[in-house]
Amino acid sequence: MRGVKSKIYSDRFLICSDNTAGILTLKLIHKVEGIVLHEWKEKVKSEREATISLEAYKHFMFEEDGALVYSVKYAANLFEIDYKGKGLIEVTELIKQKAAELEKKEETICIL
């Protein structure tokens, strides 16, 4: 199977696909920051199977808000927040609280 590479864009995100030697790799990338938010690999038997998987990945990321979910998970990991078992809004609030705490600490350090 030949290697097929493609890029699909949304306003903020990019999906890159690479199908080489029967291994399909799909990546969700934040366009501005260039951060890989999610990576998926699977064995595929044909170009058709690869195309179906790519379309399903694109649908989940862009139409089912998967890209938003992985962005929040990425930020939660940066702030060392345990997001498991929590809803998206709750995790977002925890991220905002942690960011405010860190900002306040930074102001305190600058004053000293």
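Student: Leaving aside its neighbours within four places in sequence, with which residues is Phe13 in contact?

Tutor: This is a predicted model, and the answers below rest on it. Contact requires heavy atoms within 4.5 Å. With neighbours within four places in sequence left aside, the partners of Phe13 are Ile8, Leu28, Ile29, His30, Lys31, Leu37, Phe62, Ala67 and Ser71.

Student: Is Phe13 buried or exposed?

Tutor: Phe13 has its place in strand β2. A residue is buried when its relative accessible area is under 20%. Because the relative accessibility of Phe13 is 11%, this residue counts as buried.

Student: What distance separates the C-alpha atoms of Phe13 and His30?

Tutor: Along the chain, Phe13 and His30 are 17 residues apart. His30 is also listed among the contacts of Phe13. The separation of their C-alpha atoms is 4.7 Å.

Student: What pattern does the protein chain follow when read along the sequence?

Tutor: The secondary structure comes to three helices and four strands. Read along the sequence, these elements give the pattern β-β-β-β-α-α-α.

Student: Which element gives the most residues to the largest nonpolar core?

Tutor: The largest nonpolar core has 14 residues, and Ile15, Leu28, Tyr57 and Met61 have the most contacts inside it. At least two residues of this core come from each of β2 (13–20), β3 (23–30), α1 (47–63) and α2 (66–78). The element that gives the most, with four residues, is α1.

Student: Which residues are in contact with Met61, leaving aside its neighbours within four places in sequence?

Tutor: Met61 is one of the residues with the most contacts inside the largest nonpolar core. In general, nonpolar side chains tend to be buried together in soluble globular proteins. Apart from neighbours within four places in sequence, the residues in contact with Met61 are Ile15, Leu28, His38, Gly66, Ala67 and Tyr70.

Student: How far apart are the closest N and O atoms of Glu55 and Lys58?

Tutor: Both residues lie in helix α1, three residues apart, which is about one turn of the helix. Glu55 is partly exposed at 38% relative accessibility, and Lys58 is partly exposed with a relative accessible area of 25%. In their salt bridge, the closest N and O atoms are 3.2 Å apart.

Student: What separates the closest N and O atoms of Glu93 and Lys96?

Tutor: Because Glu93 and Lys96 are three residues apart in helix α3, about one helical turn separates them. Glu93 is partly exposed, with a relative accessible area of 36%, and Lys96 is partly exposed at 48%. The closest N and O atoms of this salt bridge are separated by 3.1 Å.

Student: Is Lys41 buried or exposed?

Tutor: Lys41 forms a salt bridge with Glu39, in which the closest N and O atoms are 3.9 Å apart. Glu39 counts as partly exposed at 40% relative accessibility. Exposed means over 50% relative accessible area. Since the relative accessible area of Lys41 is 54%, this residue is exposed.

Student: What is the value of phi for Asp65?

Tutor: Asp65 is found in the loop between α1 and α2. At 45% relative accessibility, Asp65 counts as partly exposed. Asp65 is a residue other than glycine, yet its phi is positive, with a value near 65 degrees.

Student: Where is Glu80 found, and what is its phi?

Tutor: The position of Glu80 is in the loop between α2 and α3 (88–111). Glu80 is exposed, with a relative accessible area of 70%. Although Glu80 is not a glycine, its phi is positive, at about 55 degrees.

Terms used
Residues are numbered from 1 along each chain as its sequence is written. This is a predicted model: local features need pLDDT of at least 70, side-chain atom pairs count only at pLDDT 80 or more; totals for chains, interfaces and linings use all residues. Side-chain values use heavy atoms; hydrogens and water are left out. A nonpolar core is a set of buried Ala, Val, Leu, Ile, Met, Phe, Trp, Tyr and Cys residues joined through side-chain atoms within 4.5 Å. Buried means under 20% relative accessible area, exposed over 50%, partly exposed in between (1.4 Å probe, protein chains only). A salt bridge is a side-chain nitrogen of Lys or Arg within 4 Å of a carboxyl oxygen of Asp or Glu.
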